[in-house]
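Hello,

I am passing a structure on to you, and below it you will find some notes on what turned up in it.

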Amino acid sequence: MGQRIHVDATPVGNVAIFDLDRSLTGQDGMTFVGPPAGTTPPAGLARRLWEAIDQVDNVFVLSNTVTVRRESPWGADDLETASEIIANLFIFWEVESLQERVERLRAENYNATITSIREHNPDLWVMLVKPDEPVEPFKAGQYTTLGLGFWEPRADSASEDFDENPDQFEKMARRSYSVSSSIVDQDEELVPAHPEEIEFYIVQVPPGEEEIPALTPRIFTRGVGDRIYMSHKFTGRYTLDDVEPDDNIVFLSTGTGEAPQNLMTADLLRNGHRGSILQVVCVRYRHDLAYTDQQAIVEDRFPNYRYVTLTTREPENEGKKVYIQDMLESGDVEKELGSPLDPDDTHVFLCGNPLMIGLPKWDDDGSPHFPDQRGVCEILHERGFTIDHLRERGNVHFEEYWKER
């Protein structure tokens, strides 16, 4: 416990100047434009002032002077409260340590626990999350939101400066993720429809020149037993609605866009789907495929299911890359499906790289205009398929799944 600080307060409109009998900083001073994350006496003082005084928007500490600006003029009561906070700074030293603050924020914001991590490669995980409270049943193909605080460390070397925006430190980095599925469990049985643990297929997004991803580098510092935020709201129109038991189903995806396709596959197989089911996944390298072992079991058990993978950057593919669009144009999709792509009895689901999907822009009369790079939507449109548009369901369904948002 330290000594009480002597304080002389001078209000000037919406600014109050407090002269102290001791210095709190050097000659450079410290400016705070929000409750700061630091644990120094000036930071602790600024945080106390923000908590106790309404409408504070700036605190400047320079040597033995504290200047506090608020949005409205200072009244006598607020001036006395601020003076007492400054005077008692070293008597009631209650400033949280950084670790205490982090633990408090975790307790206040997280509502789920990571129960399993299957690290397929250092940047690709299959992760199970168990919410504290059960979630309502949702549809296969839908997505929810995961989050971690900006106070959590990062797995990469990207730098984030919270000095200019100290409020950001206590906020959450959030991103939408489609729910995934391993389709079969360790006993090679189909997973239940609504398990207690929710599965996610996550790739670590590297920092770019213009954008620094906020969430995935933080997820990749977590371990089993660590806490996380998961929304209880599951939503999205990328579902199996309107699919009939005898329809043929074609899932086309890139990278972790396989996630919702797997959950929909499990749902179809559990319900005894009679039509053919084909899943094609395109990635750069074989090590970008985390479900090949499980998919082999599913193929072996269900004769109406096929799983096909494409890799574009393996050495043996040099000069002869095959993309999903190429498979469609060549007829190889139909060969793998075992029947023609007939819009009367086939649904196609697209998830992943927008260039693969090739969504059109629409005229007021509903006419599509496709991008210059030919995508799957254009190819299927030419064959008589109908693309989902606004509230109208077609037989081509899509979920763009690319940049971290």
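Where is the place of asparagine 262? Asparagine 262 sits in helix α5. Please keep in mind that this is a predicted model.

Is asparagine 262 buried or exposed? With a relative accessible area of 0%, asparagine 262 is buried, because buried means under 20%. The side chain of asparagine 262 makes a polar contact of 3.3 Å with the side chain of glutamine 279. Leaving aside neighbours within four places in sequence, asparagine 262 is also in contact with residues including Ser180, Ser181, Tyr291 and Gln295.

Next, have a look at glutamine 261, which has its place in helix α5 too. Glutamine 261 counts as buried, since its relative accessibility is 0%. Its side chain reaches the backbone oxygen of phenylalanine 349 at 3.5 Å. Not counting residues up to four places away in sequence, glutamine 261 touches Phe349 and Gln279, among others.

Now for the nonpolar side of things. The largest nonpolar core has 55 residues, and Met127, Phe200, Ile219 and Met230 touch the most other members. Helix α5, residues 258-270, gives the largest share of this core, five residues. In general, nonpolar side chains in soluble globular proteins tend to be buried together.

Enjoy looking around!

Best wishes

Terms used: Residues numbered from 1 in each chain as written. Predicted model: local features only at pLDDT ≥ 70, side-chain atom pairs only at ≥ 80, totals over all residues. Heavy atoms only, no water. Core = buried A, V, L, I, M, F, W, Y, C linked by side-chain atoms within 4.5 Å. Buried < 20%, exposed > 50% of the residue type's maximum accessible area, 1.4 Å probe, protein only. Helix = DSSP H or I, 4+ residues; strand = E, 2+ residues; numbered from the N terminus. Polar contact = N/O pair within 3.5 Å; in protein donor to acceptor, adjacent residues only side chain to side chain. Contact = heavy atoms within 4.5 Å.
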